[in-house]
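Biologist: I have this structure open and would like to go through it slowly. Could you take me through it?

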Amino acid sequence: MKTTTTATRSGALGALDAALSLDGVGRTYGGRGAPALDGVSLVVPRGRFVAVMGPSGSGKSTLLRCAAGLERPTTGTVRIGGTDLATLKTAGLTRLRRDRVGFVFQSLNLVSALDVRENVTLPLLLAGAREGRALDARALAGLAAVGLADRAGDRPEDLSGGQRQRVAIARALVNEPDIVFADEPTAALDPVTAAGVLALLRRAVDERGTTVVLVTHDPVAAAWTDEAVFLDRGRLAGHLDHPDEHGVRRMLGAGNDHRFRPTATTAATAPAAATASNAPTAPARTAVIR
Ligand SMILES: Nc1ncnc2c1ncn2[C@@H]1O[C@H](COP(=O)(O)OP(=O)(O)OP(=O)(O)O)[C@@H](O)[C@H]1O
(Lines give C-alpha, C1' and ligand atoms only; values in the text may rest on other atoms or scores of the structure.)
Protein backbone atom coordinates (compact mmCIF):
# COMPACT_ATOMS: atom_id res chain seq x y z
CA MET A 1 0.00 0.00 0.00
CA LYS A 2 1.58 3.21 -1.14
CA THR A 3 0.92 6.83 -0.63
CA THR A 4 0.34 8.44 -3.97
CA THR A 5 -0.05 12.13 -3.44
CA THR A 6 2.32 15.03 -3.51
CA ALA A 7 0.66 16.43 -0.39
CA THR A 8 1.78 13.58 1.77
CA ARG A 9 5.03 12.90 -0.01
CA SER A 10 6.16 16.46 0.51
CA GLY A 11 5.21 16.29 4.15
CA ALA A 12 3.03 19.35 3.67
CA LEU A 13 0.11 17.64 5.31
CA GLY A 14 -0.07 15.16 8.11
CA ALA A 15 -3.01 13.31 9.61
CA LEU A 16 -2.64 15.37 12.78
CA ASP A 17 -3.13 18.80 11.23
CA ALA A 18 -5.75 17.70 8.72
CA ALA A 19 -9.45 18.35 9.17
CA LEU A 20 -10.12 14.65 8.75
CA SER A 21 -8.00 11.60 8.29
CA LEU A 22 -8.88 7.97 7.81
CA ASP A 23 -6.20 5.35 8.07
CA GLY A 24 -7.06 1.83 6.99
CA VAL A 25 -10.71 2.24 7.93
CA GLY A 26 -12.86 -0.85 7.49
CA ARG A 27 -16.42 -1.62 8.47
CA THR A 28 -18.06 -5.01 8.38
CA TYR A 29 -21.68 -5.50 9.30
CA GLY A 30 -22.75 -8.61 11.14
CA GLY A 31 -19.27 -10.12 11.01
CA ARG A 32 -19.94 -11.90 7.69
CA GLY A 33 -19.71 -11.16 4.03
CA ALA A 34 -17.83 -8.46 2.17
CA PRO A 35 -16.96 -5.40 4.22
CA ALA A 36 -18.94 -2.23 3.51
CA LEU A 37 -15.62 -0.39 3.82
CA ASP A 38 -12.30 -2.03 3.21
CA GLY A 39 -9.09 -0.31 4.30
CA VAL A 40 -9.92 3.24 3.26
CA SER A 41 -7.19 5.81 3.90
CA LEU A 42 -7.46 9.46 3.05
CA VAL A 43 -6.52 12.83 4.42
CA VAL A 44 -8.73 15.86 3.97
CA PRO A 45 -6.99 19.19 4.55
CA ARG A 46 -8.76 22.01 6.36
CA GLY A 47 -10.91 24.26 4.22
CA ARG A 48 -11.48 21.65 1.54
CA PHE A 49 -14.73 20.67 -0.18
CA VAL A 50 -14.61 16.97 -1.01
CA ALA A 51 -17.22 14.84 -2.77
CA VAL A 52 -17.48 11.12 -1.98
CA MET A 53 -18.90 9.27 -4.97
CA GLY A 54 -19.40 5.76 -6.26
CA PRO A 55 -22.07 3.25 -7.22
CA SER A 56 -24.96 2.37 -4.94
CA GLY A 57 -23.74 0.16 -2.11
CA SER A 58 -20.09 1.14 -2.57
CA GLY A 59 -19.84 2.37 1.01
CA LYS A 60 -20.27 6.13 0.74
CA SER A 61 -22.70 6.54 3.62
CA THR A 62 -20.77 4.06 5.73
CA LEU A 63 -17.62 6.10 5.15
CA LEU A 64 -19.45 9.27 6.14
CA ARG A 65 -20.89 7.73 9.30
CA CYS A 66 -17.51 6.34 10.36
CA ALA A 67 -15.73 9.59 9.51
CA ALA A 68 -18.25 11.65 11.43
CA GLY A 69 -18.08 9.48 14.55
CA LEU A 70 -21.67 8.32 14.16
CA GLU A 71 -20.49 4.75 13.83
CA ARG A 72 -17.32 3.00 15.03
CA PRO A 73 -15.25 1.38 12.29
CA THR A 74 -14.32 -2.29 12.64
CA THR A 75 -10.69 -1.53 11.78
CA GLY A 76 -8.49 1.51 11.29
CA THR A 77 -8.25 5.01 12.70
CA VAL A 78 -10.41 8.08 12.18
CA ARG A 79 -9.15 11.49 13.26
CA ILE A 80 -11.11 14.72 13.26
CA GLY A 81 -8.84 17.72 13.72
CA GLY A 82 -6.12 15.38 14.94
CA THR A 83 -8.28 13.71 17.60
CA ASP A 84 -8.36 9.93 17.28
CA LEU A 85 -12.06 9.13 17.71
CA ALA A 86 -11.23 5.71 19.19
CA THR A 87 -9.70 7.46 22.20
CA LEU A 88 -13.02 9.09 23.04
CA LYS A 89 -15.73 7.55 25.17
CA THR A 90 -19.35 8.09 24.19
CA ALA A 91 -19.66 11.41 26.02
CA GLY A 92 -16.45 12.76 24.51
CA LEU A 93 -17.53 11.68 21.06
CA THR A 94 -20.89 13.38 21.53
CA ARG A 95 -19.10 16.55 22.66
CA LEU A 96 -16.77 16.51 19.67
CA ARG A 97 -19.66 16.01 17.26
CA ARG A 98 -21.64 18.76 18.97
CA ASP A 99 -18.81 21.31 19.09
CA ARG A 100 -16.80 20.66 15.96
CA VAL A 101 -18.99 18.85 13.47
CA GLY A 102 -22.06 19.85 11.47
CA PHE A 103 -24.43 17.46 9.72
CA VAL A 104 -26.71 17.92 6.74
CA PHE A 105 -28.61 14.85 5.61
CA GLN A 106 -31.15 14.33 2.87
CA SER A 107 -33.80 13.55 5.42
CA LEU A 108 -32.33 15.72 8.12
CA ASN A 109 -35.00 15.80 10.72
CA LEU A 110 -35.81 19.31 11.60
CA VAL A 111 -37.87 19.21 14.77
CA SER A 112 -41.43 19.86 13.69
CA ALA A 113 -42.51 21.01 17.15
CA LEU A 114 -39.99 23.86 16.97
CA ASP A 115 -40.05 26.85 14.68
CA VAL A 116 -37.27 27.57 12.23
CA ARG A 117 -35.31 29.86 14.58
CA GLU A 118 -35.55 27.32 17.40
CA ASN A 119 -34.33 24.56 15.11
CA VAL A 120 -31.27 26.63 14.29
CA THR A 121 -30.52 27.47 17.92
CA LEU A 122 -30.74 23.82 18.94
CA PRO A 123 -27.02 22.97 18.54
CA LEU A 124 -26.09 26.05 20.56
CA LEU A 125 -28.49 25.14 23.36
CA LEU A 126 -27.20 21.58 23.37
CA ALA A 127 -23.70 23.01 23.66
CA GLY A 128 -24.77 24.89 26.78
CA ALA A 129 -25.57 28.36 25.40
CA ARG A 130 -28.26 30.31 27.27
CA GLU A 131 -31.46 31.35 25.61
CA GLY A 132 -31.64 35.07 25.03
CA ARG A 133 -31.03 37.86 22.59
CA ALA A 134 -27.48 36.88 21.72
CA LEU A 135 -28.60 33.37 20.84
CA ASP A 136 -31.51 34.66 18.77
CA ALA A 137 -29.20 37.08 16.95
CA ARG A 138 -26.89 34.23 16.02
CA ALA A 139 -29.74 32.12 14.75
CA LEU A 140 -31.15 35.02 12.76
CA ALA A 141 -27.75 35.81 11.27
CA GLY A 142 -27.46 32.16 10.24
CA LEU A 143 -30.92 32.25 8.69
CA ALA A 144 -30.12 35.52 6.92
CA ALA A 145 -27.02 33.88 5.45
CA VAL A 146 -29.22 31.23 3.84
CA GLY A 147 -31.85 33.78 2.77
CA LEU A 148 -34.49 32.76 5.27
CA ALA A 149 -34.48 35.48 7.92
CA ASP A 150 -38.13 36.19 7.19
CA ARG A 151 -39.16 32.58 7.88
CA ALA A 152 -37.75 32.40 11.43
CA GLY A 153 -41.15 32.01 13.03
CA ASP A 154 -42.49 29.39 10.64
CA ARG A 155 -42.63 25.66 11.28
CA PRO A 156 -40.51 23.37 9.09
CA GLU A 157 -43.62 21.88 7.47
CA ASP A 158 -44.53 25.33 6.15
CA LEU A 159 -41.31 25.39 4.09
CA SER A 160 -40.41 23.83 0.76
CA GLY A 161 -37.86 21.01 0.57
CA GLY A 162 -35.14 23.41 -0.54
CA GLN A 163 -35.96 25.88 2.21
CA ARG A 164 -35.82 23.09 4.77
CA GLN A 165 -32.39 22.08 3.50
CA ARG A 166 -31.27 25.69 3.84
CA VAL A 167 -32.50 25.69 7.45
CA ALA A 168 -30.57 22.44 7.95
CA ILE A 169 -27.45 24.13 6.60
CA ALA A 170 -27.97 27.15 8.85
CA ARG A 171 -28.30 24.73 11.76
CA ALA A 172 -25.21 22.79 10.72
CA LEU A 173 -23.14 25.97 10.53
CA VAL A 174 -24.48 27.88 13.54
CA ASN A 175 -21.84 26.67 15.96
CA GLU A 176 -19.10 27.28 13.38
CA PRO A 177 -18.00 23.66 13.06
CA ASP A 178 -14.60 22.77 11.66
CA ILE A 179 -16.13 20.16 9.41
CA VAL A 180 -19.54 19.50 7.89
CA PHE A 181 -20.68 16.08 6.71
CA ALA A 182 -23.45 16.15 4.14
CA ASP A 183 -25.13 12.98 2.86
CA GLU A 184 -27.07 13.51 -0.38
CA PRO A 185 -28.41 16.88 0.81
CA THR A 186 -29.69 17.75 -2.68
CA ALA A 187 -31.05 14.36 -3.77
CA ALA A 188 -34.68 15.38 -3.40
CA LEU A 189 -34.31 18.88 -4.83
CA ASP A 190 -34.81 20.33 -8.28
CA PRO A 191 -31.61 21.47 -10.02
CA VAL A 192 -32.02 25.18 -9.29
CA THR A 193 -32.79 24.63 -5.62
CA ALA A 194 -29.97 22.10 -5.38
CA ALA A 195 -27.54 24.65 -6.82
CA GLY A 196 -28.63 27.12 -4.14
CA VAL A 197 -27.91 24.57 -1.40
CA LEU A 198 -24.53 23.64 -2.89
CA ALA A 199 -23.62 27.31 -3.20
CA LEU A 200 -24.20 27.69 0.53
CA LEU A 201 -21.83 24.83 1.29
CA ARG A 202 -19.30 26.29 -1.16
CA ARG A 203 -19.55 29.64 0.60
CA ALA A 204 -18.91 28.05 3.99
CA VAL A 205 -15.70 26.60 2.56
CA ASP A 206 -14.57 29.78 0.81
CA GLU A 207 -15.55 32.33 3.44
CA ARG A 208 -15.21 30.47 6.72
CA GLY A 209 -12.63 27.87 5.86
CA THR A 210 -15.06 25.11 6.81
CA THR A 211 -14.20 21.63 5.56
CA VAL A 212 -17.11 19.91 3.83
CA VAL A 213 -17.40 16.22 3.00
CA LEU A 214 -20.32 15.65 0.64
CA VAL A 215 -21.71 12.25 -0.32
CA THR A 216 -23.46 12.52 -3.64
CA HIS A 217 -24.46 10.55 -6.73
CA ASP A 218 -24.73 13.71 -8.75
CA PRO A 219 -21.88 14.77 -11.08
CA VAL A 220 -23.32 18.30 -11.15
CA ALA A 221 -23.11 18.50 -7.36
CA ALA A 222 -19.56 17.14 -7.44
CA ALA A 223 -18.56 19.98 -9.77
CA TRP A 224 -19.04 22.39 -6.86
CA THR A 225 -16.30 20.67 -4.89
CA ASP A 226 -12.51 20.85 -4.92
CA GLU A 227 -12.03 17.13 -5.27
CA ALA A 228 -14.03 13.97 -5.75
CA VAL A 229 -12.96 10.63 -4.32
CA PHE A 230 -14.54 7.47 -5.73
CA LEU A 231 -15.43 4.31 -3.85
CA ASP A 232 -15.97 0.92 -5.42
CA ARG A 233 -17.03 -2.05 -3.28
CA GLY A 234 -15.77 -0.39 -0.12
CA ARG A 235 -12.39 0.64 -1.47
CA LEU A 236 -11.01 3.91 -2.71
CA ALA A 237 -10.92 3.58 -6.47
CA GLY A 238 -9.73 6.96 -7.71
CA HIS A 239 -10.06 10.69 -7.39
CA LEU A 240 -10.39 13.84 -9.46
CA ASP A 241 -9.03 17.24 -8.60
CA HIS A 242 -11.37 20.09 -9.50
CA PRO A 243 -13.99 17.66 -10.78
CA ASP A 244 -16.15 18.72 -13.66
CA GLU A 245 -19.38 17.03 -14.63
CA HIS A 246 -17.92 15.30 -17.65
CA GLY A 247 -14.88 13.96 -15.81
CA VAL A 248 -17.05 12.63 -12.98
CA ARG A 249 -19.40 10.90 -15.41
CA ARG A 250 -16.41 9.29 -17.04
CA MET A 251 -15.12 8.03 -13.71
CA LEU A 252 -18.53 6.71 -12.70
CA GLY A 253 -18.89 5.04 -16.11
CA ALA A 254 -15.52 3.39 -15.65
CA GLY A 255 -16.72 2.21 -12.24
CA ASN A 256 -19.67 0.41 -13.78
CA ASP A 257 -17.38 -2.21 -15.23
CA HIS A 258 -15.09 -1.98 -12.20
CA ARG A 259 -12.27 -0.30 -14.07
CA PHE A 260 -11.82 3.02 -12.35
CA ARG A 261 -8.89 4.72 -13.96
CA PRO A 262 -7.73 7.66 -11.87
CA THR A 263 -6.90 10.54 -14.18
CA ALA A 264 -5.76 14.11 -13.72
CA THR A 265 -8.67 16.35 -14.64
CA THR A 266 -9.28 20.05 -14.56
CA ALA A 267 -12.46 21.97 -14.19
CA ALA A 268 -13.53 23.38 -17.51
CA THR A 269 -17.15 23.73 -16.53
CA ALA A 270 -17.08 23.85 -12.75
CA PRO A 271 -19.23 26.59 -11.21
CA ALA A 272 -17.52 29.95 -10.87
CA ALA A 273 -17.51 29.78 -7.09
CA ALA A 274 -15.71 26.46 -7.19
CA THR A 275 -13.11 27.81 -9.57
CA ALA A 276 -12.39 30.67 -7.20
CA SER A 277 -11.26 28.25 -4.54
CA ASN A 278 -8.62 26.85 -6.83
CA ALA A 279 -6.47 29.87 -6.15
CA PRO A 280 -2.81 29.22 -5.29
CA THR A 281 -3.57 29.67 -1.60
CA ALA A 282 -5.98 26.71 -1.59
CA PRO A 283 -4.86 23.95 0.74
CA ALA A 284 -3.19 20.83 -0.54
CA ARG A 285 -5.51 18.31 -2.11
CA THR A 286 -6.92 15.33 -0.34
CA ALA A 287 -4.29 12.67 0.02
CA VAL A 288 -5.58 9.39 -1.29
CA ILE A 289 -3.61 6.54 0.15
CA ARG A 290 -3.88 3.14 -1.39
N1 LIG B 1 -26.53 -0.93 9.08
C2 LIG B 1 -26.18 -1.82 8.15
N3 LIG B 1 -26.33 -3.13 8.35
C4 LIG B 1 -25.96 -4.06 7.43
N5 LIG B 1 -25.42 -3.73 6.24
C6 LIG B 1 -25.26 -2.42 5.97
C7 LIG B 1 -25.62 -1.40 6.90
N8 LIG B 1 -25.32 -0.19 6.35
C9 LIG B 1 -24.79 -0.45 5.14
N10 LIG B 1 -24.76 -1.78 4.92
C11 LIG B 1 -24.23 -2.44 3.70
O12 LIG B 1 -22.96 -1.87 3.45
C13 LIG B 1 -22.77 -1.65 2.05
C14 LIG B 1 -22.49 -0.18 1.80
O15 LIG B 1 -23.64 0.57 2.13
P16 LIG B 1 -23.67 2.15 2.06
O17 LIG B 1 -25.03 2.59 2.49
O18 LIG B 1 -22.53 2.70 2.79
O19 LIG B 1 -23.47 2.39 0.50
P20 LIG B 1 -23.72 3.71 -0.34
O21 LIG B 1 -22.60 3.79 -1.31
O22 LIG B 1 -23.94 4.87 0.56
O23 LIG B 1 -25.05 3.31 -1.11
P24 LIG B 1 -26.20 4.24 -1.69
O25 LIG B 1 -25.57 5.09 -2.74
O26 LIG B 1 -27.17 3.25 -2.28
O27 LIG B 1 -26.78 5.02 -0.56
C28 LIG B 1 -24.05 -2.15 1.39
O29 LIG B 1 -23.83 -3.46 0.94
C30 LIG B 1 -25.07 -2.13 2.49
O31 LIG B 1 -26.04 -3.11 2.29
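Modeller: The protein chain has an average pLDDT of 82, and 81% of the residues score at least 70, where pLDDT is the predictor's confidence in each residue, from 0 to 100. This is a predicted model, in which local features need pLDDT of at least 70, side-chain atom pairs count only at pLDDT 80 or more, and totals for chains, interfaces and linings use all residues. Residues are numbered from 1 along each chain as its sequence is written.

Biologist: Where does pLDDT stay under 50?

Modeller: That happens over residues 257-284, for which the model has 59 contacts beyond four places in sequence, a contact being two residues whose C-beta atoms, placed from the backbone, lie within 7 Å. Residues 1-12 also stay under 50, with 21 such contacts.

Biologist: OK, helix 6 next: how many of its residues are buried?

Modeller: Eleven of its 13 residues are buried, so helix 6 is largely enclosed by the rest of the structure. Buried means that 20 or more other C-beta atoms, placed from the backbone, lie within 10 Å of the residue's own, and helices are DSSP runs of H or I with at least four residues, strands being E runs of at least two, numbered from the N terminus.

Biologist: And what do those buried residues pack against?

Modeller: They pack against strand 6 (101-105), helix 4 (116-126), helix 5 (133-145), strand 7 (179-183) and helix 7 (191-208).

Biologist: New topic: which residues surround the ligand?

Modeller: Among them are Tyr29, Ala36, Lys60 and Thr62, counted when the C-beta atom, placed from the backbone, lies within 6 Å of the molecule.

How values were computed:
Buried ≥ 20, exposed ≤ 12 C-beta atoms within 10 Å, placed from the backbone.
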